[in-house]
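I opened this structure for a first look and kept short notes. Here is what I looked up, entry by entry.

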Amino acid sequence: MKAGGIIKSNKFIVEGNVFKAIVHLSIPLMVNNLIQTIYNLIDGIWLGRLGATEFASTVFVFHVIFLFIMVGSGIAAAGTSLLSQLLGADKKRETTSYVYQLLAISAILALSVTILGYFSSPLIVKIMGAKNELYEFSSVYLSITFLGYPAVVLPYAMSAIMQSQGDTRSFTLASGIAAIVNIFLDPLFIFETIPGTSIKGFNMGVAGAALATIISQYIMLIIGIFIIRNSDSEIKVKIRGQKIQIPKIKKIINIAIPSIVGQTSSSVGFIFLNIFITAYGTTTLAAYGIVNRITSLLMQPTMGIGAAIPAIIGQNMGAKRYDRVRECFKKSHILSFTISVIGAFFMFFGAKHLVSIFVKPDEVMAVMPIAMDYIIYSLFIMPMMGAFSVFQGFFQGTGHTEYGMRMSMYRLWLVRLPLIFAFGKLTNLGSTGIWISMLLSNLFVNLYAYYHYKKDKWCTSII
């Protein structure tokens, strides 16, 4: 075993205890999610000290960056589906070929987006309506961020290669190292003097924040290359003698597109959701944001389960062990539901204390009733969100990503947003209508997903 304890054989996935396999693959991803959550919190604190306009510039271009990240993530998800099924079917030669195709398409995407994004950043920001200082800061931040795009997309692809064979630990370690590096580089590059110390910094402001991020990303890329080259694993990465094969590239893209469309449409949907919530006032928006921060932290374990099971589902699909696929489906839901209920329990009994952490003392009385109302509904929403994550991971593992796409789109565009609009116009429920809409949309989409699970169309192999 090398490179962080990679398990050379995939027998523990296709023959071992299913519950243990789920836990084994999930825990590193849970840890990684927690690391990223803490990093984002600290990163936000440093950026917040720059000034309101500087901080706003990073938020302003977030969805542009997120859109391109989702493209790379979708391609990596397709890679996990294909590689895990090929491994399960013991098609080693095909697996090696698809690894090359995955890395090739990721590299081409990375290079293209980097060049186009870097030179078009000022135009993008201008089209979005930024002016004066916001335009200046946003342009600088976005253009530098695009330079780091290869170090985002390629590690996604490398991580997919490792996850498909049951190794979720190696890239968790790489991600953790990169996050720690970024935490230390941020204040060094941003400020003239690091806050709370006498250490001199580079005083680069917004540009420094972006530069610190891409340096940490390239460190992760270097670690990723080391892992791929030195791992004693099922999949061998071969560059020499390999050629780009258009049919295989098309297959990766065809599997990736539904995932990309689902995630991007969901991102756009949440933008509209925030607009609708803002109409109820800043107090409601604050309560919504506070409770979401709490639930997102508590939901990290279930998100880890959803991210871990595609490899288990995929390998057993490839091995035609459909009994184990169904067993993984059931045990993942049981584990997710249990964790969600425990998280909801702690949130409910610690709600007032948790909410007060995020609110100024003079605003607690206004925000607390709305936040508590949302928390009551969240007790039921959280288990449904856990189920949603498991369904998404399940359909990704089978390679039928079109179901995951429909889940993402239907939840927001078909149910939640129309209901929020209707409740706002036709009832006197106020902000409670938002929480009811969220509850019903999660319920609907899980019923929809379960219906398609029972139809067994996912049993069709993609390899």
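**Ground rules.** I am working from a predicted model, where local features need pLDDT of at least 70 and side-chain atom pairs count only at pLDDT 80 or more, while totals for chains, interfaces and linings use all residues. Residues are numbered from 1 along each chain as its sequence is written, and side-chain values use heavy atoms, with hydrogens and water left out.

**Entry: H4 and H10.** I started with helix H4 (residues 62–88) and helix H10 (residues 246–278), whose axes come within 8 Å and cross at roughly 145°. Helices here are DSSP runs of H or I with at least four residues, numbered from the N terminus. The axes are lines fitted to C-alpha atoms over the stretch in contact, and angles run from 0 to 180 degrees between N-to-C directions. I noted the crossing of H4 past H10 as right-handed (the near helix is turned clockwise from the far one by less than a right angle).

Then I listed who makes the contact (heavy atoms within 4.5 Å). On the H4 side I found, among them, His63, Phe66, Leu67 and Met70, and on the H10 side, among them, Lys251, Ile252, Ile255 and Ala256. By class, I get 13 nonpolar, seven polar and one charged residues in this contact. For the classes, Ala, Val, Leu, Ile, Met, Phe, Trp, Tyr, Cys and Pro count as nonpolar, Asp, Glu, Lys and Arg as charged, and the others, Gly among them, as polar.

Entry: I looked up the second largest pocket, and its volume is about 320 Å³. A pocket is an open set of points on a 1 Å grid over the protein atoms alone, where a 1.4 Å probe fits, with protein on both sides within 12 Å along at least five of seven lines; lining residues have an atom within 4 Å of a point. The volume is the space filled by probe spheres set on the points.

Which of the 13 lining residues are the closest to the centre? I read off Leu103, Ile228, Arg229, Val237 and Ile239. Helix H5 (92–127) and H9 each give two or more residues to the lining, which has nine nonpolar, two polar and two charged residues.

**Entry: two buried residues.** Alanine 210 is in helix H9 (residues 205–230). I call alanine 210 buried because its relative accessibility is 1% (buried is under 20% relative accessible area, exposed over 50%, partly exposed in between, with a 1.4 Å probe and protein chains only). Leaving out residues up to four places away in sequence, alanine 210 touches Tyr141, Ile144 and Thr145. I also saw that leucine 147, 63 residues away in sequence, is 9.5 Å from alanine 210, C-alpha to C-alpha.

Phenylalanine 423, in helix H16 (residues 401–426), has 18% relative accessibility, so I put it down as buried. Glycine 433 is ten residues from phenylalanine 423 in sequence and 5.5 Å in space, C-alpha to C-alpha.

**Entry: positive phi.** Most residues other than glycine have a negative phi. I jotted down aspartate 90, with phi near 60°; it sits in the loop between H4 and H5 and is exposed at 52%. Asparagine 132 has phi near 55°, belongs to helix H6 (residues 132–147) and is exposed at 69%.
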